[in-house]
Amino acid sequence: MNTLTLIRVLGPLDARGVGRDALLRWLVVMPVGIALAIRGVLPALLERAVPLLPFDLMAFYAPLMAYVLLLITPLLAGMVIGFQLLDQRDDGVLDALRITPPRLRGYLAYKLALPILVGVGLTLITFPLAGLSIGGPGALLIAAVGIAPHGPLFALFLVAFATNKVQGFALTKMSNVLLMLPLAAAFAPAAWHPLLAIAPGYWPAQLLWTLQSGGTGAPIYLAAALAYQLLIGWALLRRIER
């Protein structure tokens, strides 16, 4: 069975499974809540804090919040899939798929396609809800595609290095530093950027900020973002298959 067939057959079953799990339900709706907070709650809080700071924080609000929202949507979709895969590995499902149809690689292709679809779709919804502008629907779609591999990437990361959900939560907390590291690129001198580029989110962040500013170089950042994330995903997949 190909990936589209698996999505049609297994997609409704997975959706019902998410609906029965309170944690997974919360992860799915969280991006909408974050988008509404970015629009209505955070600006009011930050305006009160501005007089206490030595710099104008609001000048950085739009690019920083745009990256956070762009990242969090596919990331949470990837967490849902990652936790599902951890449960299925505990139940022996992934081991069984090594020798039975649709085989492990085909099943993983199906599971990893879901956070891409959900991530892109929710990104197109949450940015207007948050009142954040990138430069039109086309630019928003490009940014969403550039960050989309983060969903399956995070799912693979959990399966590759966690043995259960408890370890999965611990890895999620530890990875927050790496995930937020690209935000430093908005402040750091150019000499630091090669080091920051190690973080998978660096290239999608540069793509996003280039689209927001109307600058050139978006095609290069898009190609770099997709290539780098796919390379990391391939390495994680090889680790899982071994």
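Visitor: How many residues does the largest nonpolar core have?
Guide: This is a predicted model, and its largest nonpolar core has 43 residues. Leu 69, Phe 127, Leu 132, Ile 134 and Leu 208 have the most contacts inside this core.

Visitor: Which elements give two or more residues to this core?
Guide: They are α2 (22–40), α4 (61–90), α6, α7, α8 (150–161), α9 (165–180) and α11 (202–213).

Visitor: And which one gives the most to this core?
Guide: That is α4, with 16 residues.

Visitor: You mentioned Ile 134. What is Ile 134 in contact with, leaving aside its neighbours within four places in sequence?
Guide: Ile 134 touches Phe 127, Ala 139, Leu 140, Ala 143, Leu 208, Leu 211 and Gln 212. Another core, of 17 residues, lies apart from the one we have been discussing; Tyr 110, Leu 112, Leu 153 and Leu 236 are among its residues.

Visitor: New topic: helix α6. How many residues has α6?
Guide: Helix α6 runs over residues 103–130 and has 28 residues. From first C-alpha to last, α6 reaches 41 Å, close to the 40 Å expected.

Visitor: Where does α6 bend?
Guide: At Thr 123, by about 25°. Just after α6, Gly 131 takes a positive phi of about 75°.

How values were computed:
Residues numbered from 1 in each chain as written. Predicted model: local features only at pLDDT ≥ 70, side-chain atom pairs only at ≥ 80, totals over all residues. Heavy atoms only, no water. Helix = DSSP H or I, 4+ residues; strand = E, 2+ residues; numbered from the N terminus. Expected span 1.5 Å × (residues − 1). Bend = angle between axes of the 7 residues up to and from the residue. Core = buried A, V, L, I, M, F, W, Y, C linked by side-chain atoms within 4.5 Å. Buried < 20%, exposed > 50% of the residue type's maximum accessible area, 1.4 Å probe, protein only. Contact = heavy atoms within 4.5 Å.
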